[in-house]
Amino acid sequence: MSETRRQSYSQMEKEKTFEKEFLPHIDSMYNFAYRLTFDEDDAKDLVQDTYLKAYRFIESFEKGTNAKAWLFRILKNSFINDFRKKSKQPSKVDYQEVETFYNSEDVDQSITTDLRIETVQDMIGDEISNALNSLDVDFRTVIILCDLEGFKYDEMAKILDIPIGTVRSRLHRARNLLKERLSDYAKKMGYKN
């Protein structure tokens, strides 16, 4: 079990570290959060929660280490914790929203009740995004971390808290699944093998 060394920061050092080490990664954090949640608001909440935790526990951050990997690990853990919490809760319906809709003039419009379809509708035509989003979250995460964010295997192992061999095998399987799902699209685009 690894022991985390605590750093001692003055208030000014905290703010300086936060601004120089953490804030430059906010766009990458949002992109990762959006790829995990598929929802802009949830992604923003997840990034905000991550930065709040990063500031609150800044003493755990070791100066000179990879701040981006540290933030990604916090975000990934927050996502998993939220996912577990939400999966244990029963589905909720906002009755005020339903009542407002049925009292409005839009009542005659045909609507879809499957929110997943609505979410994907905006992305039709983006075959790569659809294929990536269709992967299981563990496979999607390693593709995002390695191929989109450029993390090394050892960094990914720390972020995901899994052995480096598992990172390699999971990435290999994820890339094969992605390749399989994009094979028809690739042929349509003129790529062979």
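1. A polar contact, in the sense used here, is a pair of N or O atoms within 3.5 Å. With that in mind, look at the start of helix α4: N66 caps the N-terminal end of this helix, with a side-chain oxygen 3.1 Å from the backbone nitrogen of K68. Keep in mind throughout that this is a predicted model.

2. A word on confidence before going further. The chain has a mean pLDDT of 83, and 81% of its residues reach 70 or more. Among the elements of the chain, α10 has the highest mean pLDDT, at 95, while helix α6 (residues 115-121) has the lowest, at 46. Over residues 112-124 the pLDDT is below 50, and beyond near neighbours in sequence this stretch has seven contacts in the model.

3. Back to α4, which runs over residues 67-88. Its 22 residues reach 32 Å from the first C-alpha to the last, close to the 32 Å expected at 1.5 Å a residue. Quite a list of its residues is buried, including A67, W70, L71, F72, I74, L75 and F79. And what covers them? The cover includes α1 (11-22), α2 (26-37), α3 (40-56), α8 and α9.

4. Which residues have the most contacts inside the largest nonpolar core? They are F22, L75 and L145, in a core of 42 residues. Helices α1, α2, α3, α4, α7, α8, α9 and α10 each supply at least two residues of this core. The largest share, eight residues, comes from α4.

5. Leaving aside neighbours within four places in sequence, L75 is in contact with M29, F32, A33, L36, L46, V47 and T50. The other is S78, which lies in helix α4. S78 counts as buried because its relative accessibility is 2%, under the 20% cut-off. With the neighbours within four places again left aside, S78 is in contact with L46, D49 and K53.

6. Now for α10, residues 164-181.

7. I26 is found in helix α2 and counts as partly exposed, at 35% relative accessibility. Leaving aside neighbours within four places in sequence, I26 is in contact with V47 and Y51. From I26 to Q48 there are 22 residues in sequence and 9.5 Å in space, C-alpha to C-alpha.

8. Most residues other than glycine have a negative phi. F38, although not a glycine, has a positive phi of about 65°; its place is in the loop between α2 and α3, and it is partly exposed, with a relative accessible area of 26%. D161 is not a glycine either, yet has a positive phi of about 60°. D161 is found in the loop between α9 and α10 and counts as exposed, at 56% relative accessibility.

Key:
Residues are numbered from 1 along each chain as its sequence is written. This is a predicted model: local features need pLDDT of at least 70, side-chain atom pairs count only at pLDDT 80 or more; totals for chains, interfaces and linings use all residues. Side-chain values use heavy atoms; hydrogens and water are left out. pLDDT is the predictor's confidence in each residue, from 0 to 100. Helices (H or I, at least four residues) and strands (E, at least two) are DSSP runs, numbered from the N terminus. Contact means heavy atoms within 4.5 Å. The expected span of a helix is 1.5 Å times one less than its number of residues. Buried means under 20% relative accessible area, exposed over 50%, partly exposed in between (1.4 Å probe, protein chains only). A polar contact is a pair of N or O atoms within 3.5 Å; within protein, one must be able to donate a hydrogen and the other to accept it, and residues adjacent in sequence count only if both atoms are side-chain atoms. A nonpolar core is a set of buried Ala, Val, Leu, Ile, Met, Phe, Trp, Tyr and Cys residues joined through side-chain atoms within 4.5 Å.
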